[in-house]
Amino acid sequence: MSFIQVDKDSDFPLQNLPYGVFSTKEEPRHRLGVAIGDQILDLSVIKHLFNGPALAKHQHVFDQPTLNAFMGLGRPAWSEARAFLQKLLSAGEPTLRDNTELRRRLHLPVGYHGRASSVVVSGTPIRRPVGQTKPDNGPGNKFGEPIPISRAQEHIFGMVLMNDWSARDIQKWEYVPLGPFLSKSLGTTISPWVVTMEALMPFVLPNPVQDPKPLPYLQDKEPYTFDINLFVAIKGEGMSSPATICRSNFKHMYWTMKQQLAHHSINGCNLRPGDLLASGTISGPEPESFGSMLELSWNGTKEIPLGSGQSRKFLQDGDEVILTGYCQGNGFRVGFGQCSGKILPALSNP
């Protein structure tokens with residue numbers, strides 16, 4: 001239990017402690033923080049307290065504007081930081097609890113996270129893209145060195161929710177012969193807090209049975225899929241509350257994250273700290289667990305009811321899409337917060 005009051009339904013209890021980059025109006029500099037309840041602990045202020053064997057000589061990583069340097073230290077540093085932070089924020093530890101000056105550095109959560117040019121934090125509106133449509137008539141590995149699956153876990157820092165937006169009308173026209181281009185580059189929304197793999201490990205499940213048997217470089221007996229409840233909701237203009245259209249679970253993934261990373265690097269493609277890899281659409285066996293509008297609407301042939309007389313086959317301008325997810329523990333949950341974005345109209349004269 002933490003000395004910080006945390007609601008039982010909060011995504012960010014002491015068992016979670018996800019990392020993020022944040023700023024405030026009073027101090028607009030981007031810096032690292034850890035979420036606890038509805039507050040943020042500013043790691044740049046307490047960096048001098050990280051005195052363990054893996055972090056004592058690397059305290060500067062907590063004074064950076066991105067997580068990349070910290071991620072680059074590897075699993076021993078990640079584990080040491082998590083153990084220290086759980087102790088620091090626990091009810092019986094006076095270091096932070098009884099230090100009024102340090103306690104002032106617990107902020108209300110104003111999140112910011114930046115990666116590639118069109119990866120945006122939850123809540124950022126997404127402009128409907130303009131492009132060609134089909135006519136109505138018709139820690140990183142060295143370059144060249146793969147990451148073996150037995151060591152893949154050492155390279156996976158944590159997870160976020162992701163909405164990789166797709167413009168299906170443009171995609172239908174351009175995906176032949178090479179695949180999506182403008183239909184997929186319009187924007188990617190991620191949740192602002194990175195939930196560490198250590199926080200998720202209590203919810204690990206056996207890997208799915210895979211038939212046919214994967215090639216040797218993809219074979220892995222260690223469990224590495226997770227019981228993460230996932231939800232997608234839409235809030236259209238004029239709606240008082242969002243309507244949930246999808247209930248799924250990360251355990252429905254066929255390929256584990258370790259397998260995906262091993263496959264990504266088998267040709268020697270080098271990964272770097274901070275690289276963002278997506279799992280792909282997570283769809284379960286039941287219709288309500290389908291993970292995309294294309295599947296939920298059966299390729300636009302079926303209306304998806306939203307209530308209040310509204311329905312959708314595909315997204316409309318003004319629609320806000322909200323992804324949430326959490327692991328349910330005994331009296332607590334380890335969650336990701338929201339991953340949301342609102343569709344803006346396309347520009348008329350690009």
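**Figure 1. C339, a buried cysteine in the predicted model.** C339 has a relative accessible area of 1% and is buried, because buried means under 20%. The model shown here and in the other views is predicted. C339 takes part in no disulfide. The nearest cysteine sulfur to that of C339 belongs to C246 and lies 13 Å away. A disulfide is a covalent bond between the sulfur atoms of two cysteines.

Figure 2. C327 is in no disulfide either, and the nearest cysteine sulfur, found in C339, is 16 Å away. A pair of cysteine sulfur atoms must be within 2.5 Å to count as a disulfide. The relative accessibility of C327 is 0%, so C327 counts as buried.

Figure 3. S122 sits in the loop that runs between β6 (119-121) and β7 (126-127). With a relative accessible area of 18%, S122 is buried; the cut-off for this class is under 20%. The side chain of S122 reaches two backbone nitrogens, that of S340 at 2.6 Å and that of C339 at 3.5 Å.

**Figure 4. A167 and L315, a pair separated along the chain.** A167 belongs to the loop between β9 (162-164) and α5 (168-174). A167 is buried, its relative accessible area being 8%. Along the chain, A167 and L315 are 148 residues apart, while 9.5 Å separates their C-alpha atoms.

**Figure 5. P146 and L271, another such pair.** P146 is placed in the loop between β7 and β8 (158-159). The relative accessibility of P146 is 39%, and P146 therefore counts as partly exposed. The C-alpha atom of P146 is 9.6 Å from that of L271, a residue 125 positions away along the chain.

**Figure 6. The cis peptide bond between D211 and P212.** Most peptide bonds are trans. The bond that joins D211 and P212 is cis, with omega at about 10°. P212 is part of the loop between β12 (204-205) and β13 (225-226).

**Figure 7. L17, a residue with positive phi.** Most residues other than glycine have a negative phi. L17 is not a glycine, yet its phi is positive, near 55°. L17 lies in the segment that precedes β1 (19-22). At 2% relative accessibility, L17 is counted as buried.

**Figure 8. N299, an exposed residue with positive phi.** N299 is not a glycine, and its phi is positive at about 60°. The residue N299 lies in the loop between α8 (293-296) and β16 (304-307). N299 counts as exposed, with a relative accessibility of 57%; exposed means over 50%.

**Figure 9. The whole protein chain, for orientation.** The protein chain has eight helices and 20 strands. Its radius of gyration is 21 Å, close to the 20 Å that the globule rule gives for 350 residues, so the chain is as compact as a globular protein of that length. Along the principal axes, the C-alpha atoms fill a box of roughly 70 × 50 × 40 Å. Of the 350 residues in the chain, 44% are buried. The chain exposes about 18,300 Å², and carbon and sulfur atoms supply 53% of this area.

Methods. Residues are numbered from 1 along each chain as its sequence is written. This is a predicted model: local features need pLDDT of at least 70, side-chain atom pairs count only at pLDDT 80 or more; totals for chains, interfaces and linings use all residues. Side-chain values use heavy atoms; hydrogens and water are left out. Helices (H or I, at least four residues) and strands (E, at least two) are DSSP runs, numbered from the N terminus. The radius of gyration is taken over C-alpha atoms; the globule rule is 2.2 Å times the number of residues to the power 0.38. Buried means under 20% relative accessible area, exposed over 50%, partly exposed in between (1.4 Å probe, protein chains only). Accessible areas come from the Shrake-Rupley method with a 1.4 Å probe; for residues, only the protein chains shown count as cover. A polar contact is a pair of N or O atoms within 3.5 Å; within protein, one must be able to donate a hydrogen and the other to accept it, and residues adjacent in sequence count only if both atoms are side-chain atoms.
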